[in-house]
Amino acid sequence: MKFDILTLFPGMFAGPLSESIIGRAIDRGLIDLRLHNIRDYAFDRHRTVDDAPYGGGAGMVMKVEPLYACIQKVRADRPDATVLLTSPRGVPFTQCLASNLAGRPELIIVCGRYEGVDERVTELCIDQEVSIGDFVLTGGELAAMVIVDAVGRLLPGVLGCDESAYDESFAQGLLEYPQYTRPPEFKGHSVPEILLSGNHQEIAQWRRRQTIIRTAIARPELLDRAALSKDERELAEQSMELSNVQ
Ligand code: SAM
């Protein structure tokens, strides 16, 4: 899959995206990641990319012309690209959106800075504005890295074992069960005995119960859309009541 990132700070990406799973996927050609410096598309001799907002107010706004020119140039080589703008005003970036984006051949991600981007960039060039959470970052670079990481790991061949992407938090709309590895006891805390039993059916049942309990306690709103049996829904309600009492 091809990712093109448009940024004023291309140097920010080197470390996070060159290590571990995503770094290996880039080395193996599963991910083709290109960085484009928006400042290279500024047209004046000071290479200006921002200006004061019309109507007054704090801070600066990213100018439309350099961003428009940069997006058009990159788009010319990426006819099938979906163009995303990182923005706190965007739709929430969820696992569901990540897996939807993983099905596209090309993604262009625009990183905002300052007080944001001239609205005409969105009107003319952006398919979707995406937010990585209800907080404000100094720029869209970290958001773009989050998107590349979460989408990239869903691409075929990127994870060692493709099933692991289907058996984890949010994949089925719920949070994951607790995980343990050796040793069986540490500082008085034991691994639940069922996990040492070798009984795969009972382990699967225990994990399913834990998934429901954990979701009910930490993210009860996820249960509204989850496919639960009558017994599972009762378990969820009991867990929520208990967590409210505590
Ligand atoms: N003035 C803007 C507002 O109130 O919505 C915030 C601008 S922020 C300081 C600068 C840039 O960081 C944004 O244009 C966007 O690209 C990026 N950014 C900040 N928070 C973000 C978030 N939660 N998700 C995605 N991008 C974000």
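Visitor: What volume does the largest pocket have?
Guide: The model is predicted. In it, the largest pocket has a volume of about 610 Å³.

Visitor: Which residues lie closest to the centre of the largest pocket?
Guide: The lining of this pocket holds 17 residues. By class, 9 of them are nonpolar, 5 polar and 3 charged. Those closest to the centre are Thr 94, Gln 95, Cys 96, Phe 170 and Gly 173.

Visitor: Which strand gives the most to the lining of the second largest pocket?
Guide: The lining has 24 residues, and Thr 86, Ser 87, Pro 88, Glu 115 and Gly 116 are the ones nearest the centre. In classes, the lining divides into 10 nonpolar, 9 polar and 5 charged residues. At least two lining residues come from each of β5 (81-92) and β7 (128-131). The element that gives the most, with 5 residues, is β5.

Visitor: Which residues come nearest to the ligand?
Guide: The shell around the ligand has 8 nonpolar, 9 polar and 2 charged residues. β5 and β7 each supply at least two residues of this shell, and the largest share, 3 residues, is from β5. Of the 19 residues around the ligand, the nearest are Thr 86, Gly 112, Glu 115, Phe 135 and Leu 137.

Visitor: How far is a backbone N or O atom of Thr 86 from an oxygen atom of the ligand?
Guide: A pair of N or O atoms counts as a polar contact within 3.5 Å. Gly 112 has a backbone N or O atom 3.0 Å from a ligand oxygen atom. For Thr 86, the distance from a backbone N or O atom to an oxygen atom of the ligand is 2.7 Å.

Visitor: What share of the accessible area of the ligand does the protein cover?
Guide: The backbone of Glu 115 also takes part, with a polar atom 2.9 Å from a nitrogen atom of the ligand. On its own, the ligand has 580 Å² of accessible area.

Visitor: Where is Tyr 114, the residue with phi near 55 degrees?
Guide: Most residues other than glycine have a negative phi. Tyr 114 is not glycine, yet its phi is positive. Its place is in the loop between β6 (106-110) and α5 (119-125).

Visitor: Is the peptide bond from Arg 182 to Pro 183 cis or trans?
Guide: Most peptide bonds are trans. Pro 183 is in the loop between α6 (141-152) and β8 (185-186). Omega of the bond from Arg 182 to Pro 183 is near 5 degrees, and the bond is cis.

Conventions
Residues are numbered from 1 along each chain as its sequence is written. This is a predicted model: local features need pLDDT of at least 70, side-chain atom pairs count only at pLDDT 80 or more; totals for chains, interfaces and linings use all residues. Side-chain values use heavy atoms; hydrogens and water are left out. On a 1 Å grid over the protein atoms alone, a cavity is a set of points where a 1.4 Å probe fits but cannot get out, and a pocket is an open set with protein on both sides within 12 Å along at least five of seven lines; lining residues have an atom within 4 Å of a point. Grid points are joined across faces, edges and corners, and a volume is the space filled by probe spheres set on the points. Ala, Val, Leu, Ile, Met, Phe, Trp, Tyr, Cys and Pro count as nonpolar, Asp, Glu, Lys and Arg as charged, and the others, Gly among them, as polar. Helices (H or I, at least four residues) and strands (E, at least two) are DSSP runs, numbered from the N terminus. A residue is near a molecule or strand if one of its heavy atoms lies within 4 Å of it. A polar contact is a pair of N or O atoms within 3.5 Å; within protein, one must be able to donate a hydrogen and the other to accept it, and residues adjacent in sequence count only if both atoms are side-chain atoms. Accessible areas come from the Shrake-Rupley method with a 1.4 Å probe; for residues, only the protein chains shown count as cover.
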